[in-house]
Amino acid sequence: MVKNLMAYEEANYQVVQQFNEFEIRYYQERYVIQVSYANQNGGFQKLFNYISGQNNQSQKIEMTTPVTQYASDQGQVMQFYLPARFDQKSAPLPLNDAVEVASIDSGYFAVIRYSGFASDKNFYKHASLLKDALIKENIEFQEPPIKATYNGPFTLPNLRRNEAMYLVNWND
């Protein structure tokens, strides 16, 4: 078994229901830095600069997983999760006005996991499979789907962990 040599803190969740093709997870409120962008490479570098010390405390912040992306009215939104020790008050403020510290409300998410490249084609294929499975199970969900990636660009495609997610209405 090949282990991930770079151990990143991962957003904490509980699996509340397992289905054949997907699972329902509960996430507590969590904090992110995020940026809206129009071009494909516009988000990552701004967020990477923030965790590399371009913030009001010149503090380097360790990378966490996943990196999430979704479509919004302003284009694309990319998010880096902050380590659990931070909240909205304790997180260093970004020096770049395009980057913001935000919170994601607690909630339930349907998640399908897949490997390979995190291309839009691969993501939308799996988001569509998840959407069809949710409709089949009569589970209400909210658009847009969220792309979650866990590995760096040098990880072999067959060893990569990617996910497509939808926020769902779920009663335990």
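## An exposed aspartate and the fold around it

D97 is exposed, with a relative accessible area of 79%. Here exposed means over 50% relative accessible area, buried means under 20%, and partly exposed lies in between, with a 1.4 Å probe and protein chains only. D97 sits in the loop between β7 and β8. D97 and V35 are 62 residues apart in sequence, and 9.3 Å separates them in space, C-alpha to C-alpha.

This is a predicted model, in which local features need pLDDT of at least 70 and side-chain atom pairs count only at pLDDT 80 or more, while totals for chains, interfaces and linings use all residues. Residues are numbered from 1 along each chain as its sequence is written, and side-chain values use heavy atoms, with hydrogens and water left out.

### The chain as a whole

The secondary structure comes to two helices and 11 strands. Helices (H or I, at least four residues) and strands (E, at least two) are DSSP runs, numbered from the N terminus. From that end, the order of elements is β-β-β-β-α-β-β-β-β-β-α-β-β.

For 172 residues, a compact globule would have a radius of gyration near 16 Å, and the chain agrees, with 16 Å. This radius is taken over C-alpha atoms, and the globule rule is 2.2 Å times the number of residues to the power 0.38. The C-alpha trace spans about 50 × 35 × 30 Å along its principal axes. Buried residues make up 43% of the 172 residues. Among contacts (heavy atoms within 4.5 Å) between residues at least 6 apart in sequence, 68% join residues at least 24 apart.

### The sheet and its helices

Nine strands form an open antiparallel sheet, in the order β2-β3-β9-β11-β10-β6-β7-β4-β8. Two strands pair if DSSP finds at least two bridges between them. The edge strands, β2 (13-18) and β8 (99-104), each pair on one side only. From one strand to the next, the twist averages 35°.

Five bridges link β2 to β3 (residues 23-27), and the two run antiparallel. V15 stands opposite R25 in β3, and Q18 stands opposite E23 in β3.

Axes are lines fitted to C-alpha atoms, for helices over the stretch in contact, and angles run from 0 to 180 degrees between N-to-C directions.

| Helix | Residues | Lies across | Angle |
|---|---|---|---|
| α1 | residues 44-51 | β4 (30-37), β7 (75-81) and β8 | about 25° to β7 |
| α2 | residues 120-136 | β9 (107-114), β10 (141-149) and β11 (162-168) | about 40° to β11 |

### The nonpolar cores

In soluble globular proteins, nonpolar side chains tend to be buried together. A nonpolar core is a set of buried Ala, Val, Leu, Ile, Met, Phe, Trp, Tyr and Cys residues joined through side-chain atoms within 4.5 Å. The largest such core here has 17 residues, and those with the most contacts inside it are F22, I24, L134, I139 and V168. β9, α2 and β11 each supply at least two residues of this core, and α2 gives the most, with five residues. Apart from this core lies another, of 16 residues, among them Y31, Y37, I61 and V101.

Leaving aside neighbours within four places in sequence, I24 is in contact with residues including V15, F19, Y108, F109, I139, V168 and W170.
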